[in-house]
Amino acid sequence: MKAAGTAKDGSFENRIEDRSFESCIRDRSSSLSPSQSRLLESILNSKEETAVMSVREIAERNEVSAATVSRFARQLGFSSFSEFQDVLRKDMLRRIDTVDKMRHTAVIETASGFVGNAVKRDAGTMEEEAAELSERLILDAAEKICKASCVYVAGLGSARSLAEFLCYRFSWMGIRNRKLTTGGSEFMERLVFLGKRDLLISIGFRKTYPEIEIAIDHAVEKEAGIIGMAESPTSYISRKSEILIPVRRGPQGEWNSLAYPMSVCNILVRQVLEKRKDKAIRTAGELEKLNKRLGRRPDAQG
């Protein structure tokens, strides 16, 4: 029987509104067996990994059976381990406070030498993250983009600028694309045309908008390809993408920069250009001719 005050009825999530997921879980841990208590410590010491691993992976990592992991979650009052993970993911996202980030960043930026410090932080982030960006990943993504009938690029909030940039560059290379950068019904009106031979590129950071989740689910239903560009390994984008390109922005405690994510987009565009350079050169030549015509117009002088 399900324990009282479980995550299923919402009361658990209400309880963690002003407390951490970990502290609320520990309140319930008195009923755990010694082996389950050891499993709990392992899970809480690797929350980000736990949020995206399967029951089998967690069982193998902790040298227990999958049934033990499932029983562990039920003992804590959850209907399943996936429900335990869902509440953990929500708590991790909930604790990213935009206001606090802005305050912290503002204090840093007003300090002496803020220009140099800001550049150093961006450079440090780019150097650290670039070490995890493999050439194979970019090559595979570029191949999918070039083969797609139409590329749908979804990005809302701060990810919108990346989506706009990608679509602008893709257009130059003769790649059919649709921007999904406005939420609500307009987003759905563009998304509805996505088909099996198309590709969805979903971009997101710590927050995943409902429209993005719907777009991913729709792409899965239509058997379209999915490339994800995401910051959080626990996000819906990360869990559902065929190809995942990490675009982390820097320390979680700060109002993050888009320097590294934009750099990754530029790297991807350059690789696509390598495959589509003939088309891009022809387009640039046509544009040059059109601009010359504009320059010869009488009303264009001065």
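Colleague: How many residues does H10 have, and what does H10 reach from its first C-alpha to its last?
Modeller: This is a predicted model. Helix H10 covers residues 135-147. The expected span, at 1.5 Å a residue, is 18 Å. H10 comes close to that: 13 residues, reaching 18 Å.

Colleague: Which residues of H10 are buried?
Modeller: Buried means under 20% relative accessible area. Seen down the axis of H10, the buried residues fall within an arc of 100 degrees, so they line one face of the helix. They are Ile138, Ala141, Ala142 and Ile145.

Colleague: Which exposed residues does the face of H10 turned away from its buried side carry?
Modeller: To count as exposed, a residue needs over 50% relative accessible area. On the face of H10 turned away from the buried side, the exposed residues are Arg136 and Lys147.

Colleague: Which residues are linked with Lys147 in a network of salt bridges?
Modeller: Lys147 is exposed, on the face of H10 turned away from its buried side. A network of salt bridges links Lys147 with Glu143 and Lys275.

Colleague: What is the distance between the closest N and O atoms of Lys144 and Glu242?
Modeller: The cut-off for a salt bridge is 4 Å, nitrogen to carboxyl oxygen. Lys144 and Glu242 form a salt bridge. Their closest N and O atoms are apart by 3.3 Å.

Colleague: How many residues apart in sequence are the parts that the pair Lys144 and Glu242 ties together?
Modeller: Lys144 lies in helix H10. Glu242 lies in the loop between helix H14 (236-240) and strand E5 (243-246). The pair therefore ties together parts whose separation in sequence is 98 residues.

Colleague: Are Lys144 and Glu242 buried, exposed or partly exposed?
Modeller: Lys144 has 28% relative accessibility. Glu242 has 47%. Lys144 and Glu242 both count as partly exposed.

Colleague: Where do Glu164 and Arg160 lie?
Modeller: Their side chains meet in a salt bridge, 3.6 Å from N to O. Glu164 is partly exposed at 26% relative accessibility, and Arg160 is partly exposed at 39%. The two are 4 residues apart, about one turn, and both lie in helix H11 (residues 160-172).

Colleague: How many salt bridges does the structure hold?
Modeller: Lys144 with Glu242 is one of them. Glu164 with Arg160 is one too. The structure holds 11.

Colleague: Which backbone nitrogen lies 2.7 Å from a polar atom of the side chain of Glu83?
Modeller: Glu83 is found in helix H7 (residues 81-94). Glu83 is buried, with a relative accessible area of 12%. The backbone nitrogen 2.7 Å from its side-chain polar atom belongs to Ser79.

Colleague: What is the order of the open sheet of 5 strands?
Modeller: The pairing is parallel. The edge strands, each pairing on one side only, are E2 (177-180) and E5. The twist averages 15 degrees from one strand to the next. The order is E2-E1-E3-E4-E5.

Colleague: How many bridges join E1 to E3?
Modeller: Strand E1 covers residues 151-155 and strand E3 residues 199-204. The two run parallel. Gly155 stands opposite Ile203 in E3. The number of bridges is 5.

Colleague: What is the bridge partner of Ser202 in E4?
Modeller: E3 and E4 run parallel, joined by 6 bridges. In E4, Ser202 has as its bridge partner Gly228.

Colleague: Why is strand E4 largely enclosed by the rest of the structure?
Modeller: In a regular strand, side chains alternate between the two faces of the sheet. On one side of E4, Gly225, Ile227 and Met229 are buried; on the other, Ile226, Gly228 and Ala230 are. E4 (residues 225-230) is largely enclosed because its buried residues number 6 of the 6.

Colleague: How far apart in space are Ser257 and Ser158, C-alpha to C-alpha?
Modeller: Ser257 sits in the loop between E5 and H15. Ser257 is partly exposed, with a relative accessible area of 22%. In sequence, Ser257 and Ser158 are 99 residues apart. In space, the C-alpha to C-alpha distance is 10.0 Å.

How values were computed. Residues numbered from 1 in each chain as written. Predicted model: local features only at pLDDT ≥ 70, side-chain atom pairs only at ≥ 80, totals over all residues. Heavy atoms only, no water. Buried < 20%, exposed > 50% of the residue type's maximum accessible area, 1.4 Å probe, protein only. Expected span 1.5 Å × (residues − 1). Arc of directions from axis to C-beta. Polar contact = N/O pair within 3.5 Å; in protein donor to acceptor, adjacent residues only side chain to side chain. Pairing = 2+ DSSP bridges. Axes fitted to C-alpha atoms, helices over the stretch in contact; angles between N-to-C directions.
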